[in-house]
Amino acid sequence: MHRQYAEALGIVLTHELVRINGDTELQEQVSRGGLPSWQQKRVVAYVEEHVADDIPLATLAELARLSPYHFSRSFKRSFGLPPHRYHASRRIERAKQLLANRELSVTAIALEVGFSDTSTFTSAFHRLAGETPSYYRRRLD
């Protein structure tokens, strides 16, 4: 009876050691596997060029020559956020640049960066920048 208990305990201990060491290897693998630099450059250039357009995930995946599933996972590893969020953040960054030009109305800027109306733009801007476009513009002074 004692021998069976010792064997079972040894198996459990071995299993735990393998699991602990295996987790370390898995964590190292997770930090790898992003997009190579050529894919990153190609996708970033496309997003910048089409920042005001709706960009389907399939289009970005095709640029990187990956399936949409693998592209999404690799993109997130490389940039720290999913492709659609990256695109949204680039729109807001472009809007911030345009807000410095006082001759452009908030509505014109909203349309310029691809929003269909001012309220949708204001909501997205507030969600990503933490303030409204008008308030952001006032703070630029």
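His50 counts as buried, because its relative accessibility is 19%. Buried means under 20% relative accessible area, exposed over 50%, and partly exposed in between, with a 1.4 Å probe and protein chains only. The model is predicted: local features need pLDDT of at least 70, side-chain atom pairs count only at pLDDT 80 or more, and totals for chains, interfaces and linings use all residues. Residues are numbered from 1 along each chain as its sequence is written, and side-chain values use heavy atoms, with hydrogens and water left out.

**Exercise 1.** Describe the protein as a whole.

*Solution.* 
- Step 1: Count the elements. There are eight helices and zero strands.
- Step 2: Take burial. Of 141 residues, 26% count as buried.
- Step 3: Take contacts between residues at least 6 apart in sequence. Of these, 56% join residues at least 24 apart.
- Step 4: Take the surface. The accessible area is about 9,600 Å², and carbon and sulfur atoms hold 55% of it. The method is Shrake-Rupley with a 1.4 Å probe; for residues, only the protein chains shown count as cover.

**Exercise 2.** Is Arg91 buried or exposed, and what does its side chain reach?

*Solution.* 
- Step 1: Arg91 lies in helix α5.
- Step 2: Its relative accessibility is 9%, so Arg91 counts as buried.
- Step 3: Its side chain reaches the backbone oxygen of Val113 at 3.1 Å.
- Step 4: Beyond four places in sequence, Arg91 contacts Val51, Ala52, Asp53, Asp54, Val113, Gly114 and Phe115.

**Exercise 3.** Check the span of α7, then find where its buried residues point.

*Solution.* 
- Step 1: The expected span is 1.5 Å times one less than the number of residues.
- Step 2: The buried residues of α7 are Phe121, Ala124 and Phe125.
- Step 3: Down the axis of α7, these buried residues fall within an arc of 100°, so they line one face of the helix. The arc is that of the directions from the helix axis to the C-beta atoms.
- Step 4: They pack against α5 (83-99), α6 (106-112) and α8 (133-139).
- Step 5: Gly130 follows α7, with a positive phi near 85°.

Terms used
Helices (H or I, at least four residues) and strands (E, at least two) are DSSP runs, numbered from the N terminus. Contact means heavy atoms within 4.5 Å. A polar contact is a pair of N or O atoms within 3.5 Å; within protein, one must be able to donate a hydrogen and the other to accept it, and residues adjacent in sequence count only if both atoms are side-chain atoms.
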